[in-house]
Amino acid sequence: MSGVSLHFDRRGSGTPLLLVHGLGASWASWSPILDQLAQHRDVISVDLPGFGETPPLPGEVTIASLTDAVSDFIDTHDLAGIDTVGSSMGARMVLELARRGVGGDTVALDPGGFWSPGELRFFSTALKASLPLVLGLQPVMPALTGNPVGRTALLTQFSAAPWKLPSSVALHEMRSFKKATSLRDALDALVDGPLQEGAPAGTTPGRVTIGWGRQDRVTLPKQAERAHAAFPGSELHWFDKCGHFPMWDQPAQTVELILGRTG
């Protein structure tokens, strides 16, 4: 057992659906699509250990230990067979759950863990350079996120059209980075830990769908085929005019994909 109780938001009714956020974020990163999903599903969005309102893990922070915490949450809340959706680091984690045989149908949006050595250096350098900037700009973050020019400067790495994002979404995301006590440990786990393992065809508990933004500047689009090959039989879905977070840049299409490939 992980020893940590995950904070979560729950809304809607129907077949349960579990959402797992990415690095530096919280359950609220799903806010652009939460209400739409909740019209059809019982949507449960968790804060991972050391992010949002959940305390950090008592031991080492790794992708495996973070995934253990989500697996424990599923067991504790009697959610065996629940469909899972993840974003970025969370997408890697739901793929790991599927590899372990945990959950139901799986939708992974721009997962990490499928880098080449050069791409991993790029990811590490870019993220480690941007984090001090994000943290240092916290006092003026409301002003920066409150106008299209500021959002573009802050979020070009993550969004294909950051000027279109609601200011409230951008501000909450930037505030989440400041609040995330396990941010650096989780980033180190992504950079220094093993790559994501795949699963032989027919061994996952449900369908596996991998979604990728064609303009992703964090997990580069060329990594999509590696993820697809690691999970034979999975479906690969491309989002046009989309960066690292499809729920930001293509919310309606993301809802359609999730509802169509789960349940």
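**Packing of helix α3**

I looked up the surroundings of α3 and noted that its buried residues pack against β2 (16–20), α2 (63–76), β4 (83–87), β5 (106–109), α8 (183–192) and β6 (208–213). Buried here means under 20% relative accessible area, exposed over 50% and partly exposed in between, with a 1.4 Å probe and protein chains only; helices (H or I, at least four residues) and strands (E, at least two) are DSSP runs numbered from the N terminus.

This is a predicted model, in which local features need pLDDT of at least 70 and side-chain atom pairs count only at pLDDT 80 or more, while totals for chains, interfaces and linings use all residues. Residues are numbered from 1 along each chain as its sequence is written, and side-chain values use heavy atoms, with hydrogens and water left out.

I found 10 of the 12 residues of α3 buried, so the helix is largely enclosed by the rest of the structure. Just after α3, Gly101 takes a positive phi of about 90°.

**Core**

Of its 79 residues, Leu18, Val70, Met89 and Phe123 touch the most other members, and its largest share, 7 residues, comes from α3 (residues 89–100).

**Glu173**

I noted that Glu173, in helix α7 (residues 167–179), is buried without a salt bridge, the nearest side chain of opposite charge being Arg175, 12 Å away. A salt bridge needs a side-chain nitrogen of Lys or Arg within 4 Å of a carboxyl oxygen of Asp or Glu; Lys and Arg count as positive and Asp and Glu as negative, with His and the chain ends not counted.

Technical notes:
Core = buried A, V, L, I, M, F, W, Y, C linked by side-chain atoms within 4.5 Å. Contact = heavy atoms within 4.5 Å.
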